[in-house]
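The sequence and model are shown below.

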Amino acid sequence: MEPGEPREPREPGPGAETAAAPHWEEAKTFYDNLAPKKKPKSPKPQNAVTIAVSSRALFRMEEEQRIYTEQGVEEYVRYQLEHENEPFSPGPAFPFVKALEAVNRRLRELYPDSEDLFDIVLVTNNHAQVGVRLINSINHYDLFIERFCMTGGNSPICYLKAYHTNLYLSADAEKVREAIDEGIAAATIFSPSRDVAVCQSQLRVAFDGDAVLFSDESERIVKAHGLDSFFEHEKAHENKPLAQGPLKGFLEALGRLQKKFYSKGLRLECPIRTYLVTARSAASSGARALKTLRSWGLETDEALFLAGAPKGPLLEKIRPHIFFDDQMFHVAGAQEMGTVAAHVPYGVAQTPRRTAPTKLAPSTQ
């Protein structure tokens with residue numbers, strides 16, 4: 001071969017190709033891990049099951065609330081800006097939101113092109129500048145929350161219908177009442193008295209029946225005429241469905257997503273499980289509750305009739321991500337047993353409203 005003449009390419013020796021392949025695969029895996037993970041697109045609101053969550057429901061903000069109450073809004077905003085790189089601690093709705101996202105991952109695996117998913121909206125009357133700390137906290141915990149509603153001191157309730165809200169969770173009882181009055185499923189969420197581990201792979205939601213899934217018709221009879229009249233009324237009207245309560249639509253939305261798993265043969269492995277936990281007794285008043293659900297084309301995976309017994313001990317066994325009830329003593333009993341409970345301010349059991357609401361920080365809806 002003359003100097004400068006190009007070399008003929010040599011054939012690779014035996015095993016050369018297979019020896020190089022593992023190194024390439026390792027390099028590809030290494031660089032894939034370095035690449036930023038692409039987040040999925042948010043579904044269109046009209047296609048999704050939209051859960052609106054207030055900032056104080058999602059995160060713990062007790063210190064910020066104290067500063068607002070004692071020192072005023074300017075000091076409150078200054079404190080938030082100074083601490084905007086410090087993530088908030090998880091609040092009572094945090095495990096529920098994480099469970100919603102776990103269900104979404106399963107749905108995207110089964111239906112890559114479907115927008116029939118949970119969509120979480122953060123709703124707060126905070127000033128937009130405070131939103132930086134909220135965004136930083138959401139990114140810190142790797143939450144997929146793309147829609148924000150920050151109203152700068154005004155009530156956010158007027159925006160909930162525009163977001164196609166299926167459920168609104170807040171720490172502010174007055175805002176929740178406003179939402180209920182607007183016909184939006186809503187509840188005031190409370191932190192449990194102690195931490196209890198909840199399932200990471202299955203969303204568990206527990207509902208009371210009367211004045212939550214159903215109307216307060218039966219509770220009105222108990223209040224006006226006593227239990228004996230209630231039992232007689234339920235027996236006489238066993239085949240007449242109860243009117244719907246404020247959270248019937250949310251159970252319906254959960255059922256719609258459950259059916260997407262059932263259609264893939266995954267009923268027993270469904271990552272959504274629902275519970276009816278009611279003070280009704282099965283023999284004397286349970287049939288009407290079950291027949292009402294059937295008439296709506298709905299069901300719960302489990303139905304627990306307690307005949308007036310405390311709900312807390314059973315909820316401790318279920319370990320739901322959230323439990324809805326219209327009566328505060330059931331909410332308090334659930335809290336004591338480590339359950340995240342949410343009060344639905346609807347029906348005859350509610351105490352009269354305050355004429356003047358107490359002062360609340362912008363972070364409290």
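## Pocket, cavity and cysteines

The lining of the largest pocket is made up of 9 nonpolar, 7 polar and 7 charged residues; here Ala, Val, Leu, Ile, Met, Phe, Trp, Tyr, Cys and Pro count as nonpolar, Asp, Glu, Lys and Arg as charged, and the others, Gly among them, as polar. The model is predicted, so local features need pLDDT of at least 70 and side-chain atom pairs count only at pLDDT 80 or more, while totals for chains, interfaces and linings use all residues. Residues are numbered from 1 along each chain as its sequence is written, and side-chain values use heavy atoms, with hydrogens and water left out.

The volume of the largest pocket is about 450 Å³. Of its 23 lining residues, Glu219, Val222, Leu227, Ala279 and Gln327 are the closest to the centre. Two or more lining residues come from each of helix H8 (217–225), helix H9 (227–236) and helix H13 (328–336), and H8 gives the most, with 4 residues. Helices (H or I, at least four residues) and strands (E, at least two) are DSSP runs, numbered from the N terminus.

On a 1 Å grid over the protein atoms alone, a pocket is an open set of points with protein on both sides within 12 Å along at least five of seven lines, a cavity is a set where a 1.4 Å probe fits but cannot get out, and lining residues have an atom within 4 Å of a point. Grid points are joined across faces, edges and corners, and a volume is the space filled by probe spheres set on the points.

The structure holds 1 cavity of 30 Å³ or more. The largest cavity contains about 40 Å³ of space. Among its lining residues are Glu234, Lys235, Glu238 and Arg288. H9 and helix H11 (282–295) each supply at least two residues of this lining, and the largest share, 6 residues, comes from H11. The lining divides into 2 nonpolar, 3 polar and 4 charged residues.

A search of the whole structure finds 0 disulfides (pairs of cysteine sulfur atoms within 2.5 Å). The sulfur of Cys158 lies 7.4 Å from the closest cysteine sulfur, in Cys149, and is therefore too far for a bond. The two residues are listed below with their accessibility, where buried means under 20% relative accessible area, exposed over 50%, and partly exposed in between (1.4 Å probe, protein chains only).

| Residue | Relative accessible area | Class |
|---|---|---|
| Cys149 | 7% | buried |
| Cys158 | 62% | exposed |
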